[in-house]
Amino acid sequence: MPVANVDGISIAYEIVGSKGQPWAITPGGRFSKDYGGVRQMAQALAAHGKQVLIWDRPNCGASDVCFAGSSESVIQADALAGLLRQLGMGPAVVVGGSGGARVSLLTVARHPELAAGLAVWWV
């Protein structure tokens, strides 16, 4: 499992698909990228020609625990933006459900240059 260092935080991630429009999926709750449905969604998008980032937010899954910053959601949004930049995957369609929707919304609001689109559910 690849890990990137984003602003001193180790972020666990995977890329599903090797080419096409980048997408970034953020799971909700405290769930990791291995939560049921996340990988399946990424695989379905990859089967339709997309390159899909699935990742563990700081304080979730295999990524580092981090309490620095104005809020956990801001830390996570900025971590996603940094990860997209490092991987050269922007602009991406930023996708998330529940807590991942909040992070997706903040990522697009704080880093609009990295967004090709936004999809959220269970906001």
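The side chains of Asp34 and Arg39 come together in a salt bridge, 2.6 Å from N to O; the term covers a side-chain nitrogen of Lys or Arg within 4 Å of a carboxyl oxygen of Asp or Glu. This is a predicted model, so to speak of local features takes a pLDDT of at least 70, side-chain atom pairs count only at pLDDT 80 or more, and totals for chains, interfaces and linings use all residues. Residues are numbered from 1 along each chain as its sequence is written, and side-chain values use heavy atoms, with hydrogens and water left out.

Helices (H or I, at least four residues) and strands (E, at least two) are DSSP runs, numbered from the N terminus. Glu14, Lys33, Asp34, Arg39 and Asp56 are all linked in one network of salt bridges.

Elsewhere, Glu72 pairs with Arg30 in a salt bridge whose closest N and O atoms are 2.8 Å apart. Here Glu72 sits in helix H2 (residues 72–87) and Arg30 in the loop between S3 and H1, 42 residues apart. Glu72 counts as partly exposed, at 27% relative accessibility. The count of salt bridges comes to eight.

As for the strands, six of them make an open sheet in the order S1-S2-S4-S3-S5-S6, with mixed pairing; two strands pair if DSSP finds at least two bridges between them. At the edges lie S1 (3–6) and S6 (115–121), each pairing on one side only. From one strand to the next, the twist averages 25°. Strands S3 (residues 22–26) and S5 (residues 92–97) run parallel and are joined by four bridges, and Trp23 stands opposite Val93 in S5.

Helix H1 (residues 38–47) packs on this sheet, touching S2 (9–16), S3, S4 (51–55), S5 and S6, where contact means heavy atoms within 4.5 Å. The direction of H1 makes about 165° with that of S4; axes are lines fitted to C-alpha atoms, for helices over the stretch in contact, and angles run from 0 to 180 degrees between N-to-C directions.

How values were computed:
Buried < 20%, exposed > 50% of the residue type's maximum accessible area, 1.4 Å probe, protein only.
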